[in-house]
Amino acid sequence: VGWERLLNRRGPTWRKLDPALQAGVVDAASAKPVMVAHSSVIKRPLVEWADGITVGFDADDWAGRV
């Protein structure tokens with residue numbers, strides 16, 4: 001789904017990170033260690049369905065799947 005969709009830049013964990021660390025997240029290679037070290041910056045729920053993956057909750061995405 002791409003690192004941009006996975007990284008939650010609106011959450012409290014992201015806001016508490018050092019601004020220099022935040023600024024250093026510019027691509028998948030720089031986002032991965034931040035997501036590993038601070039797993040709560042990963043958007044949830046992250047669900048793999050038979051027909052794809054959803055990130056975060058959107059009622060339209062979930063309609064008919066549950």
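Predicted model: local features only at pLDDT ≥ 70, side-chain atom pairs only at ≥ 80, totals over all residues.

User: Thanks! Where is isoleucine 42 found?

Analyst: Isoleucine 42 sits in the loop between helix 4 (28-37) and strand 1 (46-49). Leu6 and Met35 are touched by isoleucine 42, leaving aside residues up to four places away in sequence.

User: Why is isoleucine 42 called partly exposed?

Analyst: Its relative accessible area is 23%. Buried means under 20% and exposed means over 50%, with partly exposed in between. Isoleucine 42, at 23%, is therefore partly exposed.

User: And why is threonine 54 called buried?

Analyst: Threonine 54 has a relative accessible area of 3%. The cut-off for buried is under 20%, so threonine 54 counts as buried. Threonine 54 belongs to strand 2 (residues 52-55), and the residues touching it include Pro45, Asp61 and Arg65.

User: What makes the pair of threonine 54 and tryptophan 49 a polar contact?

Analyst: The two side chains make this contact at 2.9 Å. A polar contact needs a pair of N or O atoms within 3.5 Å, so 2.9 Å meets that limit.

User: How do you know that strand 1 and strand 2 pair?

Analyst: Four bridges join strand 1 to strand 2. Pairing asks for at least two bridges, so these strands pair. They run antiparallel, and a hairpin connects them through two residues. Within this pairing, glutamate 48 stands opposite isoleucine 53 in strand 2.

User: What makes the buried residues of helix 4 line one face?

Analyst: Those buried residues are Ser30, Ala31, Val34 and Met35. Viewed down the axis of helix 4, they fall within an arc of 130°, so they line one face of the helix. The buried residues of helix 4 pack against helix 1 (3-6) and helix 3 (19-23). On the face turned away from that buried side are the exposed residues Ala29, Lys32, Val36 and Ala37.

User: One last thing: which residues does a cis peptide bond join?

Analyst: Arginine 44 and proline 45 are joined by it, with omega at about -5°. Most peptide bonds are trans. Proline 45 lies in the loop between helix 4 and strand 1.

Conventions: Residues numbered from 1 in each chain as written. Heavy atoms only, no water. Buried < 20%, exposed > 50% of the residue type's maximum accessible area, 1.4 Å probe, protein only. Contact = heavy atoms within 4.5 Å. Polar contact = N/O pair within 3.5 Å; in protein donor to acceptor, adjacent residues only side chain to side chain. Arc of directions from axis to C-beta.
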